[in-house]
Amino acid sequence: MNDKKENEVFELKDAKTVPDTIYSYTSDVKNGHVPIIIDNGSYNCRVGWGTQDKPSLVFKNLVAKTRKERGKKDGELQVGNDITNIEAVRFQLKTQFDRNVAVHMEVQEQIFDYTFLHLGIDTDGSVDHPIVITEALMNPNFSRQAMSELLFECYGVPGVSYGVDALFSYHSLSERNQQQSRSGMIISLGYQTIHIIPIINGLVDTAHIRRINIGGFHVTSYMHRLLQLKYPVHFNAITLTRAEEIVHDYSKVLCEYGAVLGQWADPEYYDRNVIRIQLPYATPAAVSTLTADQQKERRKELAKRLIEINARKRDERLAEDEEMLNQLIEVQDLINSGQEKAFKKALSAFEIGSEADLLKQIGNLQTRIHRTKQKIAAASAGDDVVSGVQETKPKVPKQTALRLREGEDADSWLVRLRKDRAELMEKRAARHQKRQDMAKRRTAAAQERMRIISELARRDKKDDNFGMRDEDWDVYKAIRKDGGDSDSEEEQERLVDIEEVLRQNDPTFIEGSSITASGEFIPSNPGEAHQLHVGVEKLRAPEILFQPGMVGIEEAGLSETIGYILRQYSHEDQNKLVSNVFLTGGCAALPGLKERLERELREIRPFQSYFHVSVSRDPSLSAWIGAREFSNQANFSSEFLVSKQDYIEKGGEFLKEHPSSNVYNLSPAPLSQVQAGAAEDVEMELF
């Protein structure tokens with residue numbers, strides 16, 4: 001996991017897979033009949049020779065068949081690392097597994113073809129090497145039978161030995177120095193499932209093995225779902241591959257999940273611990289193709305458009321006010337003509353309490369119409385608007401206001417302009433945010449608006465002269481649903497002029513920071529809008545290993561299942577099991593998992609009782625290494641290898657047991673065969 005610096009932004013790797021090398025088939029391997037070691041995992045497949053320290057091939061156990069192109073008979077088949085862009089063929093992906101059990105043998109055959117080809121095996125019609133291959137814990141006989149049939153009948157291998165990946169890892173020589181006794185508990189955290197395997201005196205207790213149907217895939221899928229719900233605008237950019245990268249690089253398991261989760265409500269804690277991840281985005285061209293004159297004309301056109309928008313809004317408000325004034329004057333004429341009944345009905349229709357209120361509204365409308373007409377006249381004449389009885393201030397030419405002041409150096413001048421520009425941008429951003437807040441019922445801005453309205457609606461005021469003063473209209477602006485008046489032309493023109501001066505004199509000025517005509521704020525750094533702030537998500541996703549109910553899986557979590565298994569044993573056997581808790585599998589590499597399990601065991605076990613938790617040195621490769629060490633034993637071929645003759649005589653489901661294998665249980669004969677045999681016995685007794 002990367003060390004986080006304050007305000008550091010991490011880049012996504014988006015690593016593309018590199019096609020595997022086709023190795024040469026050397027004479028020492030060919031003539032020595034060296035076994036091939038295959039860790040056939042539901043996430044990665046690891047393949048290598050029994051004489052190697054590390055596997056030659058590591059690739060995802062996936063096959064993709066792309067759509068056929070015009071003129072071609074069939075689509076291209078891609079296997080493993082040949083799939084350079086997995087998201088492009090996400091819906092064409094196939095795997096041989098149903099959860100962690102290999103059942104789709106047509107896909108498995110394609111995986112084997114890819115494997116033997118890249119190992120360089122060039123013998124015609126057969127693979128003349130024994131195979132050591134992993135299988136699922138408690139693997140069904142039909143799956144092993146199909147695998148044996150494929151290896152013996154299709155590839156002609158001389159022998160096969162099956163083992164369980166978690167047991168290979170546990171019995172690996174490189175892991176034995178971590179283990180304290182012959183008894184222990186293996187926790188295998190796989191891609192699709194978690195298996196908890198108790199071992200008593202060197203033997204696997206199959207009766208008390210438990211499986212949890214959750215694993216690394218579910219952690220990644222949950223992270224993917226959380227980020228897409230948090231950033232719906234980046235729904236397509238947040239892919240499953242990127243979610244997987246975030247889980248691998250930034251996620252961790254918490255010891256105190258509930259307590260730490262509450263700290264994220266503190267803004268300072270959030271800023272210190274949030275992970276900022278940059279999504280890819282298309283940047284605009286750094287150099288504009290427009291000339292200086294064209295850019296100037298474009299800015300003038302923008303300013304002109306804004307002026308027209310504001311003028312249209314003023315005309316609309318003026319028309320509405322004049323229409324309302326005419327209607328209220330008609331209501332006033334009713335009382336003057338003695339039609340009192342019609343007058344009261346009209347007052348009720350307009351929601352006006354009395355004749356005094358009517359006169360007040362008429363006066364307010366006349367004042368507002370007069371002020372609006374003054375603004376329209378001033379805008380058409382190019383002068384400032386006269387507000388109320390205030391005297392008109394002389395308009396300072398913008399060119400003079402933006403020039404160097406007396407005694408001001410160039411640096412201070414640019415700092416002042418940048419500050420003025422920042423203030424204008426902040427004001428506009430605040431107005432934009434306020435308009436957004438007004439649209440939501442439970443925001444502070446919306447609640448303050450309702451408070452003001454309720455105060456104004458009180459009927460017990462004696463002298464209600466609201467609206468007679470110019471300051472009263474500031475209250476009206478505060479409670480408007482759109483959050484106040486729109487941006488002024490003068491403000492926009494000043495912003496355009498400041499940006500023009502900065503563009504010409506400030507080499508550090510960043511283009512593109514502006515406010516649109518609709519009031520939308522565009523940040524100076526467009527990358528900020530494409531950043532993911534990964535906070536509680538990096539902690540919540542791996543927590544499902546302990547709380548599967550978070551993703552709707554109605555099963556016990558890891559610690560609860562461990563506690564259940566321990567309760568099935570005597571006190572002495574419990575001490576043996578917890579004295580050697582061994583973690584293996586890809587998810588065992590999650591930071592904090594070991595510490596979390598130690599905390600959970602401390603709560604489960606009696607006070608001050610002993611327990612020990614260890615993690616595999618290499619959780620992903622230890623199973624392959626253990627299988628390679630197993631194949632190098634002197635009695636491997638004679639005692640643990642199922643030969644072609646064994647396959648023919650005892651069936652494809654047969655396996656030779658060893659410390660890292662499943663227990664062999666012969667499948668019962670089909671009912672039809674049992675009945676036929678019984679009939680033959682009866683017939684022989686008759687004769």
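These legends accompany several close-up views of one predicted model. Residues are numbered from 1 along each chain as its sequence is written, and side-chain values rest on heavy atoms, with hydrogens and water left out. Because the model is predicted, local features need pLDDT of at least 70 and side-chain atom pairs count only at pLDDT 80 or more, while totals for chains, interfaces and linings use all residues.

Figure 1. I37 belongs to strand β2, which covers residues 36-40; helices (H or I, at least four residues) and strands (E, at least two) are DSSP runs numbered from the N terminus. With a relative accessible area of 0%, I37 is buried, a word that stands for under 20% relative accessible area, whereas exposed stands for over 50% and partly exposed for values in between (1.4 Å probe, protein chains only). Apart from neighbours within four places in sequence, the residues in contact with I37 include W49, V132, W624 and S631, contact being heavy atoms within 4.5 Å. I37 and I133 are 96 residues apart in sequence, yet their C-alpha atoms are 6.2 Å apart in space.

**Figure 2. Q228 in helix α6.** Q228, a residue of helix α6, counts as buried at 13% relative accessibility. When residues up to four places away in sequence are not counted, Q228 touches F235 and I238. Between Q228 and I238, which are 10 residues apart in sequence, the C-alpha to C-alpha distance is 6.4 Å.

**Figure 3. Helix α7 and the elements around it.** Eight of the 11 residues of helix α7 (residues 240-250) are buried, so this helix is largely enclosed by the rest of the structure. Among the buried residues of α7 are R242, E244, I246 and Y250. The buried residues of α7 pack against several elements, including β1 (9-11), α6 (216-230), β19 (531-534) and α18.

Figure 4. The structure holds 19 salt bridges, each being a side-chain nitrogen of Lys or Arg within 4 Å of a carboxyl oxygen of Asp or Glu. One of them joins the side chains of K344 and E340, at 3.6 Å from N to O. These two residues are four apart in helix α11 (residues 340-349), so about one helical turn separates K344 and E340. K344 counts as exposed at 53% relative accessibility, whereas E340, at 45%, is partly exposed.

Figure 5. R596 forms a salt bridge with E543, with the closest N and O atoms 2.9 Å apart. This pair links distant parts of the chain, since R596 lies in helix α21 (residues 593-604) and E543 in helix α18 (residues 537-543), 53 residues apart. Both R596 and E543 are buried. R599 forms a salt bridge with E603, where the closest N and O atoms are 3.2 Å apart, and both residues lie in helix α21, four residues apart, about one turn of the helix. R599 counts as buried at 18% relative accessibility, while E603 counts as exposed at 52%. Salt bridges that share partners join E256, E543, R596, R599, E600 and E603 into one network.
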